[in-house]
Amino acid sequence: MSTISKKLIVITGGAGGIGQACARAFKNQPLVITDYGQESVDKTVAILTKEGFDVSGIACDITDKNDVEKLVKYVAEKGTFKALVHTAGVSGTVKDLHKVFTIDLVATELLVEAFYKVAVKDSVAVLLSSMMAHTVPANPAYDEALQNPQEADSFDTVSKFVSDSSDVMYNFAKRGVILLTHKHADKWGEKGARIVSVSPGVIETPMGLKAAEEHPEQMEMIKNATPLKRNGKPEDVADVIHFLVSDAARFITSTDILVDDGVIHNIKKMGQ
């Protein structure tokens with residue numbers, strides 16, 4: 001396969017649980033893995049290379065516009081951009097409102113804007129939201145700020161609604177991720193490209209297990225409220241993402257797909 005013909009799948013958070021599962025879902029396609037630290041990137045690339053993947057990697061601070069531009073340049077030099085699978089992010093366990101807003105939402109838009117420049121027909125951006133985004137109702141008082149996270153006053157506007165809780169800020173930021181797919185869909189569509197989001201439920205990744213440790217009763221309640229009575233596996237999310245990147249999903253854009261075993265609807269019913 002010549003370099004120029006390679007259709008690259010770029011995975012942010014590639015060293016994480018969902019990121020690695022996504023990499024394995026794209027067994028026969030060339031991959032670019034990125035994560036915050038070069039050491040974790042190198043380790044993941046080594047593991048996947050040993051398993052027979054065509055994979056390379058580069059560290060990237062996704063909150064840094066210049067670093068994101070370097071990532072896009074790295075990808076463009078290696079082949080044609082096929083898909084961005086954006087799994088990188090933090091949970092509310094970081095206890096820092098600004099960090100959650102910046103990493104989970106501002107950085108997402110930086111990536112969407114940067115990869116738009118190299119998007120071609122049939123390119124796809126798949127953004128990870130969360131089932132918790134669906135607990136935040138539509139409201140023009142904050143939705144405009146969520147849809148425009150890079151504006152100077154957006155963080156302050158959203159902060160008024162989150163009761164100084166990083167967990168609630170996470171929910172709002174992930175609603176913002178869904179709103180970004182609506183905001184950018186027409187622009188991507190002009191290139192024949194698509195942008196979608198996926199909202200996982202409780203997935204057994206290191207981040208998910210940490211949340212379970214911090215909120216054991218809540219996590220047990222959620223598990224019991226799932227119709228299948230189990231938490232999700234990283235592969236449950238990765239297989240949906242693989243479908244969304246494929247030509248089988250060629251008419252799906254500006255859409256969010258819940259991968260939560262229906263639990264968020266059950267939780268909402270319980271709260272009524």
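S163 is exposed, with a relative accessible area of 64%. This serine sits in the loop between α6 and α7, and its phi is near 55°, a positive value in a residue other than glycine. Please keep in mind that everything described here comes from a predicted model.

S254 is partly exposed, at a relative accessible area of 23%. Why do these phi values deserve a second look? Because most residues other than glycine have a negative phi.

**The whole chain**

Stepping back, the protein contains eleven helices and seven strands. Its radius of gyration is 18 Å, close to the 19 Å that the globule rule gives for 272 residues, so the protein is as compact as a globular protein of that length. Along the principal axes, the C-alpha atoms fill a box of roughly 55 × 40 × 35 Å.

How much of the protein is buried? Of its 272 residues, 51% count as buried. The exposed surface comes to about 12600 Å², with carbon and sulfur atoms supplying 53% of that area. As for charge, there are 30 positive and 36 negative side chains, and the centres of these two sets lie 5 Å apart.

**Inside the protein**

In soluble globular proteins, nonpolar side chains tend to be buried together. Here, the largest nonpolar core has 48 residues, and F115 and W188 are the ones with the most contacts inside it. The elements giving two or more residues to this core include the strands β1 (7–12), β4 (80–86) and β5 (124–128), along with helices such as α3 (65–78), α4 (97–116) and α7 (166–189). Which element gives the largest share of this core? That is α4, with twelve residues.

W188 is a handy residue to start from when you look at this region. Leaving aside its neighbours within four places in sequence, W188 is in contact with F81, V112, F115, Y116, A119, V124, A125, A193, R194 and I195. There is also a second, separate core of 29 residues, which includes I33, F53, V126 and L244.

V72 is found in helix α3. Apart from neighbours within four places in sequence, V72 is in contact with A114, F115 and V118. V72 counts as buried because its relative accessibility of 5% is under the 20% cut-off.

T205 is found in a loop, the one between β6 (194–200) and α8 (206–214). Is T205 buried or exposed? At 9% relative accessibility, it counts as buried. With its neighbours within four places in sequence set aside, T205 is in contact with G17, I18 and P234.

The table gathers the four residues discussed one by one.

| Residue | Relative accessible area | Class |
|---|---|---|
| V72 | 5% | buried |
| T205 | 9% | buried |
| S254 | 23% | partly exposed |
| S163 | 64% | exposed |

Notes:
Residues numbered from 1 in each chain as written. Predicted model: local features only at pLDDT ≥ 70, side-chain atom pairs only at ≥ 80, totals over all residues. Heavy atoms only, no water. Helix = DSSP H or I, 4+ residues; strand = E, 2+ residues; numbered from the N terminus. Rg over C-alpha atoms; globule rule 2.2 N^0.38 Å. Buried < 20%, exposed > 50% of the residue type's maximum accessible area, 1.4 Å probe, protein only. Areas by Shrake-Rupley, 256 points an atom, 1.4 Å probe, with all protein chains shown as cover. Lys, Arg positive; Asp, Glu negative; His and termini not counted. Charge placed at Lys NZ, Arg CZ, Asp CG, Glu CD. Core = buried A, V, L, I, M, F, W, Y, C linked by side-chain atoms within 4.5 Å. Contact = heavy atoms within 4.5 Å.
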